[in-house]
Amino acid sequence: MDQPNTFYESAEKIHAREVDGTFDRLRSASVVVLLGLYYVLPWLRWDDRQAILFDLPARKFYILGLTFWPQDFIYFALLLIIAGVALFFFTALAGRLWCGFACPQTVWTTAFVWLERIAEGNRSRRIKLDKSPWNADKIRRKTIKQVLWISFALWTGYTFVGYFTPIVELAREIIAFSLGPWESFWILFYSFATYGNAGIMREQVCKYMCPYARFQSAMFDRNTLVISYDTARGEPRGSRSRKLGKSNENEHLGDCIDCQLCVQVCPVGIDIREGLQYECIACAACIDACDSVMDKMEYPRGLVKYTTENAIAGEKSRILRPRIYIYGTLLLVLLIGLAGALSSRYELRMNVLRDRNALYRELASGQIENVYTLKILNKSERNHPLTLTVDGLQNFTVATDPVEPVALAGELTVITARIQAPAKDNSDGGHDIVIKVSSESAPDITADAESRFFLPVN
Ligand code: SF4
Ligand code: SF4
């Protein structure tokens, strides 16, 4: 019977072999640190609130002692630009460093593989288990794996929502079965995405879904560090006895003993000896594997290593080149800019609206009064009792409603200010003025805004 035409190729399950080595330890450390931060950060407290909380309904983002408002979008934009430039910088320098060591897909996949190993054992046991018929041991191991995976995925989903809803309250709601529909949806959705991406699809996500995998080669050049097999040294490959090592009998052979270990450890199932391939996520497992073989054979390490295309071709290689300096300088300038912008961030911000109903009012006392609405945003976590002054008028007085104005912490406070000035002390017509508010408890915390004050024209 003819096979139906299909664009879908079902992927063969890859059982990557465990490996130990420098890069594996680096990746494990990166996974532990990044996952540790993800799961621990929402539990940290700052004063009487969650240290990191993205409160979408209130449109406020709390990050440690800082509160970000929608007006602070510039910082977020700056952060995204920094992330983009950092990606260019590190990719130009060392290829897919991000993919191999810090991408969430890699990090969670590594964690899921660890859980799989706890339940099903090492690579050979896992292969045997998959081939074996369903029996009590297989059911038990597969069930343990699913329980571990689903629990971990649910904990991940719960933590994710805990960045947007206070995580302690969320726990109480879960225990009391009183979760709202949106919280339930996002916990389940994020858990399902984690389970599917890191447990089931794994490197298929990198191969077929990740856009970065498609365009990262555009950031490479012949001086970018890539993981590569030294063909000149390794070929012709061939197996040999370990004892004979480099004896005369093996003279015609290169250093590759064709043990296939580099293929067995590869999570995407490719053979690095076939050259640079877009599927390679630069996890460096093949370097660790091959180095361990070279050690056993008492050959020098580095048959598979980080190198550049120029070095492989025997040409001069320059890792520190103009584009690295340009990206590096840009990154540094942006980081300094962000740090400067954050440290000089205003705690108070003010908008002034003139009363549109009357240009001015003449009081019985002979004073001329103009009325203003002050909208004062206090971005800090403390209340500021305010003092109000005006530049540009002689002998003015100010009456406010409320009488003792306070900019409340994390709030937008609206104050009515009645500014009065004697006509005899100020010239006729319009005056440019600057209204200033400052905190009584911290006079260096101020905000000001320009406006106009009108006097009658005689
Ligand atoms: S070839 Fe495989 S094992 Fe080697 S770095 Fe690439 S993905 Fe990792
Ligand atoms: S691990 Fe090294 S020696 Fe073994 S097949 Fe791969 S490249 Fe050759």
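In the predicted model, Lys379 and Asp72 form a salt bridge, in which the closest N and O atoms are 2.8 Å apart. A search across the interface of domain 1 and domain 3 finds 1 salt bridge. Between these two domains, 2 residue pairs are in polar contact, with both residues at pLDDT 80 or more. The side of domain 1 that touches domain 3 comprises 2 nonpolar, 3 polar and 3 charged residues.

The protein as a whole is divided into domain 1 (22-218), domain 2 (222-312) and domain 3 (348-455). The centres of domain 1 and domain 3, taken over C-alpha atoms, are separated by 50 Å. Contact between the two involves 8 residues of domain 1 and 6 residues of domain 3. The size of an interface is often expressed as the accessible area lost when the parts come together. For domain 1 and domain 3, the area buried between them is about 610 Å², of which 48% lies on carbon and sulfur atoms. Within domain 1, the residues that lose the most area to domain 3 are Thr67, Trp69 and Gln71, which together account for 61% of what that side buries.

The model also contains an open sheet of 4 strands, arranged in the order S13-S11-S15-S16 with antiparallel pairing. Strand S13 (406-407) and strand S16 (446-455) are the edge strands, each of which pairs on one side only. Strand S11, formed by residues 384-391, pairs with S13 in the antiparallel sense over 2 bridges. In this part of the sheet, His384 stands opposite Ala407 in S13.

Conventions:
Residues are numbered from 1 along each chain as its sequence is written. Chains are lettered from A and ligands numbered from 1 in the order in which they are written. This is a predicted model: local features need pLDDT of at least 70, side-chain atom pairs count only at pLDDT 80 or more; totals for chains, interfaces and linings use all residues. Side-chain values use heavy atoms; hydrogens and water are left out. Two strands pair if DSSP finds at least two bridges between them. Domain bounds come from an automatic or database domain assignment. Contact means heavy atoms within 4.5 Å. Buried area is the accessible area (1.4 Å probe) that two parts lose on being put together, summed over both. A salt bridge is a side-chain nitrogen of Lys or Arg within 4 Å of a carboxyl oxygen of Asp or Glu. A polar contact is a pair of N or O atoms within 3.5 Å; within protein, one must be able to donate a hydrogen and the other to accept it, and residues adjacent in sequence count only if both atoms are side-chain atoms. Ala, Val, Leu, Ile, Met, Phe, Trp, Tyr, Cys and Pro count as nonpolar, Asp, Glu, Lys and Arg as charged, and the others, Gly among them, as polar.
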